[in-house]
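Hi,

Here is the model I promised to pass on.

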Amino acid sequence: MAAPGAVAAAGRALSRALRAAAAAGTRPGGAARPLESRALSGLGVRCSGSSSALGSILGIPAEKPPSALGQHPPPVATSKEEQKRLLRDRPDQPQNPKVLRIAIIGAPNAGKSTLSNQLLGRKVFPVSKKVHTTRCKAQGVITFEDTQLVILDTPGLTSPLKAKRHKLEEAMLTDPWDSMKHADLVLVLVDVSDHWTRNCLSQEVLKCLSEFPHVPSVLVLNKVDLLKKKYILLELVTELTEGIVNGKKLEVRSPFKHNLSSSAKTVLKNTQASPPESRAHESPCLQETVKAQEGSGLDSSSDTRAPERGLVTEAQGPKPHECRDLKNRKGWPRFQEIFMLAALTGEEVDTLKRYLLMQAKPGPWEFHSGVLTSQSPQEICDNIIREKILEYLPLEVPYGVTQVTELWEEGPSGELLIVQNLVVPRKSHMMMLIGKRGTVISKIAQEAGQDLMNAFLCDVRLKLKVEVKS
């Protein structure tokens with residue numbers, strides 16, 4: 001696990017690269033504008049004020065921190081009937097309710113469920129290093145004051161060929177698309193630590209965005225704390241956005257791309273602000289006119305210099321983007337904002353959460369404030385146990401395990417008693433699942449039981465049995 005503050009360190013490294021790109025500029029009236037804010041507004045990244053999404057990442061002094069968001073989310077009901085009652089109950093509407101439905105899409109294992117759990121403040125979605133942990137769509141509910149966020153956690157977007165290879169349900173292919181139909185905003189999650197996939201959006205993600213271009217989209221770069229070469233973030237922003245963010249055109253030139261030892265100089269130019277009619281759809285940070293001049297060399301604490309490049313930003317009114325074959329496409333030019341965070345450690349997740357709360361529109365709540373998820377308690381239990389099975393069993397073995405709940409009842413002291421039978425297709429799989437002297441199945445039961453206690457906020461006694469399918 002990354003050390004605390006790793007994301008802030010990532011931001012500071014990016015800040016040094018951007019510092020070389022931005023020259024001294026002033027706000028109207030002569031007040032100096034923070035260097036990081038000026039550089040980022042050219043990129044179209046959320047940067048309006050010191051409490052912005054990237055303000056703390058880039059070391060901009062923070063104002064008085066706002067009140068904590070959702071620190072005490074409600075527990076999940078342990079009774080299926082109680083959960084059904086909560087879901088059936090008419091929402092306890094405030095006087096001026098606001099709501100936002102958020103779809104989170106991305107490649108498998110990008111961290112969608114981890115981010116969903118962090119936003120909710122309680123673990124109700126399964127998380128695993130293995131792909132296709134989330135098998136169907138589920139809803140998480142965040143209720144804060146007069147605002148309700150409905151998170152549509154979806155399976156990773158995959159192709160029919162991969163679905164057939166992993167014996168995945170048809171819902172794994174259709175659920176992400178169904179979520180987009182009902183979303184007010186979509187978060188596109190990218191794992192920046194995966195150097196094989198981080199430089200382009202997957203074809204499935206691009207197809208989904210192209211099918212629903214009217215849904216506002218936000219790019220979220222995840223696992224920034226695991227990225228060693230922080231200046232890569234600047235390159236990723238340009239590639240994943242096709243050089244256009246919220247009507248701003250970015251252009252990167254690298255004349256010394258193959259000469260890493262050359263002295264690197266970066267220049268940022270920002271021309272006139274976009275016309276008033278187009279500014280209505282831009283974020284506040286993009287509505288400011290930035291005056292910039294040529295900057296100095298790239299600040300670096302090591303002997304290895306980043307390649308020389310020039311970054312030019314132009315303010316543009318929204319133009320219909322030239323439609324190209326998706327196979328030749330790497331990014332999406334209609335992202336409205338960019339966020340960088342570490343979902344596993346929770347760094348900068350609250351910043352994203354505040355932004356989402358601000359995007360909510362007036363409208364009736366869909367759920368009672370006591371609802372945390374649309375899943376039944378049994379579904380949460382099955383998912384968490386399967387998460388542990390995925391972690392402890394190798395290769396394709398865990399995908400063949402069938403779960404059968406034999407007992408679910410309240411004990412004499414109020415504890416939740418659960419007995420589940422794990423059915424496997426082969427005896428060899430049973431031996432792997434049990435482990436030497438029962439060590440593996442014991443670890444699975446212990447870790448799953450702890451997660452279930454955190455979800456239900458009560459004592460849980462979990463017993464797991466293993467048998468071969470007859």
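In α10, the buried residues are V349, T351, L352, K353, Y355, L356, L357 and Q359; buried here means under 20% relative accessible area, exposed means over 50%, and partly exposed is in between (1.4 Å probe, protein chains only). Eight of the eleven residues of α10 are buried, so the rest of the structure largely encloses this helix. Helices (H or I, at least four residues) and strands (E, at least two) are DSSP runs, numbered from the N terminus.

Before going on, the ground rules: this is a predicted model, where local features need pLDDT of at least 70 and side-chain atom pairs count only at pLDDT 80 or more, while totals for chains, interfaces and linings use all residues. Residues are numbered from 1 along each chain as its sequence is written, and side-chain values use heavy atoms, with hydrogens and water left out.

Back to α10 (residues 349-359): α4 (residues 112-120) packs against α10 at an angle of about 75°, and their axes are 10 Å apart. Axes are lines fitted to C-alpha atoms, for helices over the stretch in contact, and angles run from 0 to 180 degrees between N-to-C directions. That makes α4 roughly perpendicular to α10, given that angles under 35 degrees count as roughly parallel, over 145 as roughly antiparallel, 65 to 115 as roughly perpendicular and the rest as oblique. L115, Q118 and L119 of α4 make the contact with V349, L352, K353 and L356 of α10, where contact means heavy atoms within 4.5 Å. By class, that contact has five nonpolar, one polar and one charged residues. For the classes, Ala, Val, Leu, Ile, Met, Phe, Trp, Tyr, Cys and Pro count as nonpolar, Asp, Glu, Lys and Arg as charged, and the others, Gly among them, as polar.

**Cores and the whole chain**

Which residues touch the most other members of the largest nonpolar core? They are L115, L187, L352, L356 and L452, out of 57 residues in that core. α13 gives the most to this core, with seven residues. A second, separate core of 37 residues includes L152, L206, V215 and V237. A nonpolar core is a set of buried Ala, Val, Leu, Ile, Met, Phe, Trp, Tyr and Cys residues joined through side-chain atoms within 4.5 Å. Leaving aside residues up to four places away in sequence, L352 touches L115, L187, V220, F339 and L341.

Zooming out, the protein chain has 13 helices and 14 strands. Of its 470 residues, 52% count as buried. Among contacts in the chain with a separation of 6 or more, 76% come from residues 24 or more positions apart.

The buried ones are I232, L233, L234, L236, V237, T238 and L240. T241 sits in the loop between α8 and β6 (244-245) and is buried, with a relative accessible area of 0%. Not counting residues up to four places away in sequence, T241 touches L219, L250, W332, P333, F335 and I338.

**Other positive phi values**

Most residues other than glycine have a negative phi. N109 is not a glycine, yet has a positive phi of about 70°; N109 lies in the loop between β1 (98-106) and α4 and counts as partly exposed at 32% relative accessibility. L457 also has a positive phi, near 55°. L457 is in the loop between α13 and β14 and is exposed, with a relative accessible area of 53%.

Helix α12 (residues 427-434) and α13 pack at an angle of about 60°, with their axes 5 Å apart, which makes α12 oblique to α13. M432, L433 and I434 of α12 meet T439, V440, I441 and I444 of α13. By class, this contact has six nonpolar, one polar and no charged residues.

Cheers
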